[in-house]
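Dear colleague,

Please find the structure below, together with its sequence. A short account of the findings follows it.

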Amino acid sequence: MDKVAIVILNWNGREMLEKYLPSVMQYSRDEATVYVADNASTDDSVEFLRTHYPQVDLVILDKNWGFAEGYNKALSQIDAEYYLLLNSDIEVTHHWLTPMIEYLDVHKDAAACQPKLLSIFDKDRFEYAGASGGFLDKYGYPFCRGRIFDTVEADNGQYDDVTDILWATGAALMIRAKDYWEVKGLDARFFAHNEEIDLCWRLRIRGRRIVCIPDSYVYHVGGGTLPKGNPMKTYLNFRNNLTMLYKCLPDEELKHVMRWRWFLDYLAAWQTLILNRNVGDFKAIYKARKAFKAWKKDFKADRQEIQASRRKKNIPEQKSYSLLWQYYAKGKKLFSDLPF
C-alpha cells in the first residue's frame with residue numbers, strides 16, 4: 001500500500017508529460033509513488049513513458065472516460081492512503097508534498113487539501129483554476145482566494161494562511177482514499193468540469209473539512225484540453241453546475257436558487273450573444289439548460305442520499321451573498337474585499 005499515490009490522468013498529453021513530469025519525478029519520488037493513468041491516448045504518450053520513465057507506474061484505460069470516470073477507474077486499481085490527483089500541466093516545487101501530508105496526518109477531520117496554485121506564465125500571480133482555495137456563492141458561482149471571475153490577483157502572500165475552503169482544485173487535489181470512496185468518488189456523469197467542486201461539497205455536507213495549504217505551491221498552465229471560450233466547455237460548466245446545485249443544496253434553498261439561476265443563465269446567454277457576439281456560447285448555455293432538465297430525474301436518488309448524509313446545515317464556505325452583485329454592482333473585484 002502506498003502512503004501517497006500521485007495520479008496523473010493523461011489523454012494525448014505527451015508534450016505536457018515531457019515538459020512537466022520531470023519536476024514531479026524530481027520532487028516527489030521520495031514521498032510518493034507516481035502513476036500515469038492513460039485515457040486511451042492516440043498519440044505516443046504511453047510509448048514515451050515506457051521509454052523514458054519506466055519507473056512510472058502505468059494504468060492503461062480502454063477508452064477516453066473523461067476526467068471524472070477516468071480517475072474513478074484508475075484509482076480503483078491503486079491502493080494508497082492518500083490519492084493526489086495531478087494535472088499533467090503542473091510544475092511542482094521542492095518539498096511540495098510535505099506540508100499537505102503532514103496536515104492530513106495530524107488533522108483527521110480533513111478529507112482533502114490543495115496547494116497554492118500559481119501561473120506557470122507569471123509565477124507571481126495566482127492561476128485561475130484554484131488559486132489559494134475555492135468557495136461558492138449563494139447561486140453556485142465558484143470563486144477563489146486570489147481569483148473572482150476573470151480577475152486574477154498577484155500573489156503577495158495575502159492568502160498564505162491555512163484555511164478551510166469549500167472545494168479544492170482538481171488540478172492538484174490530495175484526498176484520503178477512504179473519503180473518496182465513501183462518497184463514491186467523482187460523479188462520472190459530469191465527464192469534466194465542476195466534478196471536483198461536487199465531490200468536495202458532498203464531503204463538506206458530511207462534515208468533512210477541505211483545506212488549502214499555501215506552504216505547498218505549484219505552477220499550473222491551465223486551460224486543459226478545452227480552452228476558455230470553447231462552447232463544449234461552456235456547456236459542461238453550466239450543465240454540471242446546475243446538476244451539482246440540484247444534488248447538494250438543502251431543501252429550503254433549492255427552489256429559490258434554481259429560480260434565480262433560470263433568470264441568470266438566460267441573461268448570461270443573451271449577454272454573450274449581444275455583447276460578445278459569441279453564438280457558440282449562446283447556444284451552449286441553452287443546450288446546457290435543456291440537458292439539465294432532461295437528466296435531472298436521474299439524480300433524484302443522489303439528492304436524497306446526499307441530503308440524508310447531511311451533518312452540517314450551514315456550510316460557512318458556501319456564502320449567502322450573490323457574487324455577481326458584489327463584483328459587478330459593488331465593484332468588489334478582490335477576494336479580500338468580499339464580506340466574510
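In this predicted model, strand β6 (residues 110–119) pairs with β13 in the parallel sense, through nine bridges. Within that pairing, Ala-110 stands opposite Arg-209 in β13.

Strand β11 (residues 163–165) runs antiparallel to β13 and is joined to it by three bridges; here Thr-163 is placed opposite Cys-212. Strand β5 (residues 90–91) is likewise antiparallel to β13, with two bridges between them, and Ile-90 faces His-220 across this pairing as its opposite residue. Strand β13 itself covers residues 209–220, and ten of its twelve residues are buried, so the strand is largely enclosed by the rest of the structure.

The cysteines may also be of interest to you. The structure holds zero disulfides. Cys-113 takes part in none, and the nearest cysteine sulfur, that of Cys-212, lies 8.6 Å away. Cys-113 has 0% relative accessibility and therefore counts as buried. For Cys-200, the closest cysteine sulfur belongs to Cys-113 at 10 Å, which is too far for a bond, because a disulfide requires the two sulfur atoms to be within 2.5 Å. Cys-200 also counts as buried, with a relative accessibility of 0%.

Trp-260, Trp-262, Phe-263 and Leu-267 make a nonpolar surface patch of about 440 Å². Of these residues, Trp-262 is located in helix α8, which comprises residues 251–276.

With kind regards

Key. Residues are numbered from 1 along each chain as its sequence is written. This is a predicted model: local features need pLDDT of at least 70, side-chain atom pairs count only at pLDDT 80 or more; totals for chains, interfaces and linings use all residues. Side-chain values use heavy atoms; hydrogens and water are left out. Buried means under 20% relative accessible area, exposed over 50%, partly exposed in between (1.4 Å probe, protein chains only). Helices (H or I, at least four residues) and strands (E, at least two) are DSSP runs, numbered from the N terminus. Two strands pair if DSSP finds at least two bridges between them. Patches are made of residues with over 30% relative accessible area and no salt bridge: like charges are joined within 9 Å, nonpolar side chains (Val, Leu, Ile, Met, Phe, Trp, Tyr) within 5 Å. Accessible areas come from the Shrake-Rupley method with a 1.4 Å probe; for residues, only the protein chains shown count as cover. A salt bridge is a side-chain nitrogen of Lys or Arg within 4 Å of a carboxyl oxygen of Asp or Glu.
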